[in-house]
Amino acid sequence: MTDAFLGTRALRSLLGEWKDGGGPLYQALYDRIRLLVLDGRIPAGTRLPAERELAQALEVSRTLVTSAYRELREGGYTTSVRGSGSVTRVPGRANLAVDAVGGYLDFTKAIMPASPGIALATQQSMDDFGRYLQGPGYNFEGIPELREAVATRYTVRGLPTTPDQILVTTGAQSAIALLSRVLLARGDRALVELPSYPHAYEALAQAGARLVPVSVTPGEGWDESALEQLIRRTNPAVGYLMPDFHNPTGESMPAGLREQTIDQATRAGTTLLVDETSGELDIDRVDSLLPFASYATPGDERTVVTIGSVGKTIWDGLRVGWIRAEPGLIRTLAAARPSSDLGTPVLEQLIVTRMLPDMPSILDGRREQLREGRDRLEQIVDERFPAWSAPRVAGGIASWVGLGSAVSSQLALAARAEGLLITAGPRFGLDGALERFLRIPLGYPTAQLEQGMDALARAWQAIMRNPMPGAQAFGDVA
Ligand SMILES: Cc1ncc(COP(=O)(O)O)c(C=O)c1O
């Protein structure tokens, strides 16, 4: 059950021009409310206004509202609760954290629920889509309106950008793979962070790179002198970095180190692939940092190639990402693209074009969700896992929790027996290191986070009872 209540005024404003669509009015009202529910703009669990009040506010007959509410109920979009009226629900909606195959609670992905507004943007994009149906459909660089919208977003954020600096990709992952393929030759060195996003390691390695790691420590950040020495001594062809917010530690690279790293990379001839897919997910950082590429000085702009995506901000199901680079490299990438990918679906690009101008309010929603997740996780670790440490992160989608002993794989295995899938620390590293850490996602609804942490507490207890030979002493679990 819920406490959320939607007043007639609020519903009327959400409904907008609902009578304009043609067809029976009760159907139009039903359709409009249904879309608002599916889209998350009326959250599941919200009590709708009473029929009579809504009829008055909309200046329609009560019978009309009764019919629309009946359709909603029959379609599974509301349930009638005695004394509470109609409460919204999403029919057949999968739980974000439930793995579709085995019914496990799934914490292997650091993801967030879809932002509200996608269904509406999709509906509105159908009009724009019509124009595209007359054309070829293939567009290796991305559709012009989206390249323009992405460039505008960078410019608004303080990094002047033109559309010819943008290549739209199928999510950030395809951007990483394309850049690896184009910029690396077999045997080249690629500087990477340790820990890092595992699919980036894979893309770089598949392109033939030898990975040279620099460590990022929770609470301390980048090993500055190692970073400097590695760039100078190994002359990597590329460096793959996540300066904001680093996945999985949530660290943010200080401005001075950004400038220094760009300068060193320019001198070494290293192209920095800067993955900012979580770059705008700050929770409570006081001094907002500019995009990494803003720290380049005239002459070394070519050193920085930025990777972006709406996966973590709008929804990962849209599969829209991009590369920001100088126009010459964008053309090279577009020319190299077809062997693996003939472009990003047009409809999804149109949807993102519509939604990008709303990014400030989308980010406000993300900030709230992530803050709630982070604060609740810190509290649970404090209360129930005295041996663990969860350093406070200022942003990002995950916490890199220290376990106090090298048992991450054992814990992940025990968690599976408790119904929770979670990725052990070594998956974020090279050569089996990082057994003392576990990545816990921050973007899940609180109830699901709590459920996962309950499973982890049971798993922790189980491995405490049966420590594996060689594992160090465990702390208590409360
Ligand atoms: C750091 C990082 N880069 C790239 C990706 C892939 O993003 P996309 O879903 O846009 O392909 C992810 C997804 O989790 C990520 O965490």
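**Backbone geometry, domains and ligand site of the predicted model**

P248 is found in the loop that links β8 and α10, where helices (H or I, at least four residues) and strands (E, at least two) are DSSP runs numbered from the N terminus. The model is predicted, so that local features need pLDDT of at least 70 and side-chain atom pairs count only at pLDDT 80 or more, while totals for chains, interfaces and linings use all residues. Residues are numbered from 1 along each chain as its sequence is written, and side-chain values use heavy atoms, with hydrogens and water left out.

The peptide bond between N247 and P248 is cis, with omega about 20°. A cis bond also runs from D244 to F245, with omega near -25°; F245 lies in the loop between β8 (238-241) and α10 (255-268). N235, in the loop between α9 (224-234) and β8, has a positive phi near 45° and is not a glycine. Most peptide bonds are trans, and most residues other than glycine have a negative phi.

The protein chain is assigned domain 1 (8-88), domain 2 (105-114 + 361-465) and domain 3 (118-358), with bounds from an automatic or database domain assignment. Over C-alpha atoms, the centres of domain 1 and domain 2 are 39 Å apart.

The ligand is surrounded by 13 residues, of which A172, D275, S309, K312 and R319 are the closest; a residue is near a molecule if one of its heavy atoms lies within 4 Å of it. By class, this shell comprises five nonpolar, five polar and three charged residues. Nonpolar here denotes Ala, Val, Leu, Ile, Met, Phe, Trp, Tyr, Cys and Pro, charged denotes Asp, Glu, Lys and Arg, and the others, Gly among them, are polar. Helix α7 (residues 171-183) gives the most to the shell, with four residues.

Ligand oxygen atoms lie 2.7 Å from a backbone N or O atom of A172 and 2.6 Å from a side-chain N or O atom of K312. A polar side-chain atom of D275 is 2.6 Å from a ligand nitrogen atom. Of the 400 Å² that the ligand exposes when taken alone, the protein buries 90% (Shrake-Rupley method, 1.4 Å probe).

Definitions and conventions. A polar contact is a pair of N or O atoms within 3.5 Å; within protein, one must be able to donate a hydrogen and the other to accept it, and residues adjacent in sequence count only if both atoms are side-chain atoms.
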